[in-house]
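Subject: Structure for you, with notes

Hello,

Here is the structure I promised to send over. My notes follow below it.

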Amino acid sequence: MVASMVSARTSAMAFNRWADRDFDAKNPRTRTRHVPAGTVSAREALALAACSSVAFLVFAATLGLWPAVLAPGVLAVLLGYSYAKRFTWGAHAWLGVALALAPGGAWLAMGARPGGGILALMVAVAGWLLGFDILYSLQDEGFDREAGLQSIPARFGTRGALRISAGAHVITVAALAACGLSLHRGPTFAVAVATCAALLAYEQSLVRRHGLEVINKAFFDVNAWVSIAFFALVAADHFVS
């Protein structure tokens, strides 16, 4: 599963850098990325994406029948995201779905049957990413409009984007709570949900109070703590329940 995760993410990231190379070269925020900066050639990035895609399909096939059957579709979602901003401002949700496929895939790979608990967790992951990716994309609101790219900030403006981001994070917390109830988890899981809620509220407040100057702190630091805290507390809930 770890090999599948690493190869899938490598494929998606490398393909994204290849697909967006011309836009990245024009955007002041991204022009120092490897391909537009010339550190990695476009051909090398595409080759890495292709090799990683094959590796993902091979690794997924070792996990069982359903992972093998579903892997090509998962790969199509991962790679398709790179073109989503060309035709829909819902690209952030597309990326959320792509990330949400990870816990779903792991669930099936362990031989567990699909149910309400894992579906709720997938909704939580999709909402979490939707919320924080909207915040991160505020940096490119002006560029997206000029370049003809679609995004929630470019479509609804900063205020509208902030409202949608906050709404997505409310859905995240509700879905995490539903996951715990569906899987009959204990009180430590409830603490995990409350902790995530507090951290996401802090992330939202950071951007609202300080704007783009704290985007990196909100996007990287706070979300890292969301991941670490949720993992640690859910693990603790497993051992104490």
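Among contacts in the protein chain between residues at least 6 apart in sequence, what percentage join residues at least 24 apart? It is 65%. Bear in mind that this is a predicted model.

**Overall fold**

The protein chain has eleven helices and zero strands. Read along the sequence, the pattern is α-α-α-α-α-α-α-α-α-α-α. The radius of gyration is 19 Å, close to the 18 Å that the globule rule gives for 241 residues, so the chain is as compact as a globular protein of that length. The C-alpha trace spans about 55 × 45 × 25 Å along its principal axes. Of the 241 residues, 41% count as buried.

**The second largest pocket**

I looked at this pocket in some detail. It holds about 170 Å³ of space. Its lining is made up of M13, A14, R17, R33, H34, V35, V40, A45 and L48. By type, those lining residues divide into six nonpolar, one polar and two charged.

Which helices each supply at least two residues of that lining? They are α1 (2-19), α3 (34-37) and α4 (42-61). Helix α1 gives the largest share, with three residues.

**N16**

Helix α1 also holds N16. Is N16 buried or exposed? Its relative accessible area is 10%, and buried means under 20%, so N16 is buried. Leave out residues up to four places away in sequence, and N16 touches Y81 and S82.

**S165**

Now to another helix. S165 sits in α9, which covers residues 152-182. Its relative accessibility is 0%, so S165 counts as buried.

**To look at on screen**

- Start with α1: find N16 in this helix, then the three residues it supplies to the lining of the second largest pocket.
- Then display Y81 and S82, which N16 touches.
- Finish with R17, R33 and H34, which are among the residues that line the second largest pocket.

Best wishes

Note on methods: Residues numbered from 1 in each chain as written. Predicted model: local features only at pLDDT ≥ 70, side-chain atom pairs only at ≥ 80, totals over all residues. Heavy atoms only, no water. 1 Å grid on protein atoms, 1.4 Å probe; cavity = no way out; pocket = protein on both sides within 12 Å on 5 of 7 lines; lining within 4 Å. Points joined across faces, edges and corners; volume = space filled by probe spheres on them. Helix = DSSP H or I, 4+ residues; strand = E, 2+ residues; numbered from the N terminus. Nonpolar A, V, L, I, M, F, W, Y, C, P; charged D, E, K, R; others polar. Buried < 20%, exposed > 50% of the residue type's maximum accessible area, 1.4 Å probe, protein only. Rg over C-alpha atoms; globule rule 2.2 N^0.38 Å. Contact = heavy atoms within 4.5 Å.
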